[in-house]
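Take a look at the chain below.

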Amino acid sequence: MVLFILLLFAFAFLMVVVHQDIINEYKENKGKTTLPDIESSIVDLIAVSMRADGEVTKAELAKVKRFLLRGFGEERALGMLHKLRDTLRSSYITDIRLQCLQINQKLSYKQKLALLSLFFSVAATEPLKSAEVRFLKLYARYTRINPNDFELVRNHYFAISDWTAGAKMEDSSEQEREEKAQVEQKVSKNEWEEAYKTLSLPTNATQEQVKRTYRKLAMQWHPDRFESKSEAEKAYATKMFREINQAYHRICG
């Protein structure tokens with residue numbers, strides 16, 4: 001009995017830690033500090049599912065409307081449909097973790113599966129896209145849907161071959177995103193190192209050293225000091241002054 005109580009306390013503590021980790025991670029990445037309410041969370045996720053294939057259709061909207069009317073009643077459903085319209089017009093959600101966290105807190109497992117079924121039905125309206133596969137996988141992961149249940153719902157809406165093709169496209173897209181990020185990171189690093197080189201400073205120079213060197217070089221190459229010089233000298237000074245400014249702002253922001 002004592003062991004059971006200790007295990008129960010340990011599990012409760014773990015859930016608190018996981019919950020706080022998600023909140024802290026989201027704060028760092030997005031700057032938000034509060035969870036959306038449950039209706040807003042559902043509406044946000046519906047909007048993401050409808051947008052995932054790049055087009056919001058009347059057929060998708062009809063499925064969503066039937067789902068909301070059946071699940072929430074006419075008055076609440078109409079309010080959520082208004083929220084959905086505003087979200088589709090004004091917001092583009094790229095991170096669904098907080099919404100899924102709220103779903104985990106407020107909805108039963110059966111209700112989470114019902115939402116998953118809705119998202120699959122929206123995806124099945126048109127040929128499956130890789131972005132839809134990504135969204136469905138993320139929703140299932142963040143809301144802790146059992147993989148067997150996920151497969152059952154998936155198989156209801158898609159043939160294995162169609163899902164596999166969409167999943168392959170998603171894997172390819174994910175690889176492309178990673179490769180692009182690596183290239184951008186490499187370019188960014190090269191530009192950063194080049195900026196220090198322009199100021200004739202080592203990459204471990206302090207911010208104060210950067211500022212001091214920048215002021216010195218900016219004064220040295222300011223175009224006003226070359227008014228009486230030849231056109232070639234003025235052009236070179238202007239070029240140097242521009243590069244010095246660019247290097248300084250790249251390092252210091």
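## The model

This is a predicted model, in which local features need pLDDT of at least 70, side-chain atom pairs count only at pLDDT 80 or more, and totals for chains, interfaces and linings use all residues. Residues are numbered from 1 along each chain as its sequence is written, and side-chain values use heavy atoms, with hydrogens and water left out.

## Two nonpolar cores

A nonpolar core is a set of buried Ala, Val, Leu, Ile, Met, Phe, Trp, Tyr and Cys residues joined through side-chain atoms within 4.5 Å. Buried means under 20% relative accessible area, exposed means over 50%, and partly exposed lies in between (1.4 Å probe, protein chains only). The largest nonpolar core here has 38 residues. I46, V64, L115, F119 and L136 have the most contacts inside it. Six helices each supply at least two of its residues: α2 (38–51), α3 (58–90), α4 (97–106), α5 (109–123), α6 (130–142) and α7 (147–157). Helices (H or I, at least four residues) are DSSP runs, numbered from the N terminus.

A second, separate core has 17 residues. Among them are A205, V210, Y248 and I251.

## α2 against α3

These two helices pack at an angle of about 70°, with their axes 9 Å apart. Axes are lines fitted to C-alpha atoms, for helices over the stretch in contact, and angles run from 0 to 180 degrees between N-to-C directions. Angles of 65 to 115 degrees count as roughly perpendicular, so α2 and α3 are roughly perpendicular to each other. Contact means heavy atoms within 4.5 Å. On the α2 side, the residues that meet α3 include I42, V43, I46 and M50. On the α3 side, they include V64, L68, F72 and L84. By class, this contact has 12 nonpolar, 2 polar and 7 charged residues. Ala, Val, Leu, Ile, Met, Phe, Trp, Tyr, Cys and Pro count as nonpolar, Asp, Glu, Lys and Arg as charged, and the others, Gly among them, as polar.

E39 is found in α2. Is E39 buried or exposed? At 18% relative accessibility, E39 counts as buried. Beyond its neighbours within four places in sequence, E39 is in contact with R76, M80 and K83.

## α5 against α7

α5 and α7 pack at an angle of about 30°, with their axes 10 Å apart. Y109, L113, L116, S117, F120 and S121 in α5 meet D149, F150, V153, R154 and Y157 in α7. These residues divide into 7 nonpolar, 2 polar and 2 charged.

I244 lies in helix α10 (residues 231–252). Its relative accessibility is 0%, so I244 counts as buried. Leaving aside neighbours within four places in sequence, I244 is in contact with T198, L199, Y214, L217, A218 and W221. I244 and T198 are 46 residues apart in sequence, yet 6.6 Å apart in space, C-alpha to C-alpha.

## Two loop residues with positive phi

Most residues other than glycine have a negative phi. R144 has a positive phi, near 60°. R144 lies in the loop between α6 and α7 and is partly exposed, at 46% relative accessible area.

S200 also has a positive phi, near 55°. S200 is found in the loop between α8 (160–198) and α9 (207–221). Its relative accessibility is 66%, so S200 counts as exposed.

Note on methods:
Angles under 35 degrees count as roughly parallel, over 145 as roughly antiparallel, 65 to 115 as roughly perpendicular and the rest as oblique.
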